[in-house]
Amino acid sequence: MALGVSAAGSEQARLRILDTTSGKQIGPEISRADFGAISWAPDGRELWFNRLQAITKGMAATQKYQRSAVVALKPGGNEASLRTLVRAGDAPSATNPGMPATEFPFVDVRPDGRVLLMVIDGVSQQFRAWASTSLGTPSIFVSSWRAVTNSAVPATLKSMSPNASSAPRMSVR
């Protein structure tokens, strides 16, 4: 089980993975996992989540919310073992459809391996989404995306909290 822990009511969550049999934590906490939208691989060997960029000396505090990324983590892995799959602000490529640095990417991986990449800007009621065009192994990540929506579609994110199927809830008007 993966969960975010925020100290003293802050919204600065650290990701923890727990063994559901023993209740013990597996591996270290992972910082900058402020949003609760995670998705597990169908085989449970890897999970994906949005991670904010690290603020280094000389960066404005507001840059914390720019260039966030979808990263992959194997349970028990540490921060050095994270793999970046899609990063906001990177140029479009075979594995990244491209998005402004100010947007937040999230993925939802279905049990059959289909992948939905959803991007929000955190302010407006709009989102964009792409789906993988073929069944694939998300640990390699998909090499082709098909647009599901575009930024002109008004939509409301009803919940980014995953339910049992880890599917984000959204509606399009």
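Q: In this predicted model, how many residues of strand 5 are buried?
A: The model is a predicted one. In strand 5, 5 of the 5 residues are buried, so this strand is largely enclosed by the rest of the structure.

Q: Which way do the residues of strand 5 point?
A: Ala69, Val71 and Leu73 point one way, Val70 and Ala72 point the other way, and all are buried.

Q: Which sense does the pairing of strand 4 with strand 5 have, parallel or antiparallel?
A: The two strands run antiparallel and are joined by 5 bridges. Leucine 47 stands opposite leucine 73 of strand 5.

Q: And how many bridges are there between strand 5 and strand 6?
A: Strand 6, residues 83-87, pairs with strand 5 over 4 bridges, again in the antiparallel sense. Alanine 72 has arginine 83 in strand 6 as its bridge partner.

Q: Moving on, what is the strand order in the open sheet of 4 strands?
A: The order is 7-8-9-10, and the pairing is antiparallel. Strand 7 (104-109) and strand 10 (145-147) are at the edges with a single partner strand each, so one side of each has no neighbour in the sheet.

Q: What is the average twist there?
A: From one strand to the next, the twist averages 25°.

Q: How many bridges hold strand 7 and strand 8 together?
A: Strand 7 and strand 8 (residues 115-120) are paired over 6 bridges in the antiparallel sense. Within this region, aspartate 108 is opposite leucine 116 of strand 8.

Q: Now the aromatics: how many aromatic pairs does the structure hold?
A: There are 2 aromatic pairs.

Q: Where do phenylalanine 35 and phenylalanine 104 lie?
A: Phenylalanine 35 is in the loop between strand 2 (13-17) and strand 3 (38-40), whereas phenylalanine 104 is in strand 7, so the pair ties together parts 69 residues apart in sequence.

Q: Is phenylalanine 104 buried or exposed?
A: Phenylalanine 104 is buried, at a relative accessible area of 8%. Phenylalanine 35 counts as partly exposed, at 26% relative accessibility.

Q: Why does the pair of phenylalanine 35 and phenylalanine 106 count as edge-to-face?
A: The planes of these two rings, phenylalanine 35 and phenylalanine 106, are at 80°, with the centres 5.7 Å apart, so the pair is edge-to-face; the cut-off for that class is over 60 degrees. Phenylalanine 106 lies in strand 7, 71 residues from phenylalanine 35, and the pair links distant parts of the chain.

Q: And the accessibility of phenylalanine 106: what is it?
A: Phenylalanine 106 has a relative accessibility of 5% and counts as buried. Phe35, Phe104 and Phe106 make up one aromatic cluster.

Q: Which residues line the second largest cavity?
A: Its lining is Leu15, Arg16, Ile17, Ile26, Gly27, Pro28, Ile30, Leu73, Gly76 and Gly77. Strand 2 supplies the largest share, 3 residues. By class, the lining has 6 nonpolar, 3 polar and 1 charged residues.

Q: What about the second largest pocket, what is its volume?
A: The second largest pocket has a volume of about 160 Å³. Of its 15 lining residues, Gln12, Ala13, Arg14, Arg32 and Asp34 lie nearest its centre.

Q: Which elements give two or more residues to the lining of this second largest pocket?
A: They are strand 1 (2-6) and strand 2. Strand 2 gives the most, with 3 residues. The lining has 4 nonpolar, 5 polar and 6 charged residues.

Q: Back to arginine 32: what is its phi?
A: Arginine 32 has a positive phi of about 65°, although it is not a glycine. Most residues other than glycine have a negative phi. Arginine 32 is in the loop between strand 2 and strand 3, and is partly exposed with a relative accessible area of 26%.

Q: Where is arginine 67, and what is its phi?
A: Arginine 67 is in the loop between strand 4 (47-51) and strand 5 (69-73). Its phi is positive, about 60°, although arginine 67 is not a glycine. At 29% relative accessibility, arginine 67 is partly exposed.

Technical notes
Residues numbered from 1 in each chain as written. Predicted model: local features only at pLDDT ≥ 70, side-chain atom pairs only at ≥ 80, totals over all residues. Heavy atoms only, no water. Pairing = 2+ DSSP bridges. Axes fitted to C-alpha atoms, helices over the stretch in contact; angles between N-to-C directions. Phe/Tyr/Trp six-rings, centres within 6.5 Å; stacked < 30°, edge-to-face > 60°. Buried < 20%, exposed > 50% of the residue type's maximum accessible area, 1.4 Å probe, protein only. 1 Å grid on protein atoms, 1.4 Å probe; cavity = no way out; pocket = protein on both sides within 12 Å on 5 of 7 lines; lining within 4 Å. Nonpolar A, V, L, I, M, F, W, Y, C, P; charged D, E, K, R; others polar. Points joined across faces, edges and corners; volume = space filled by probe spheres on them.
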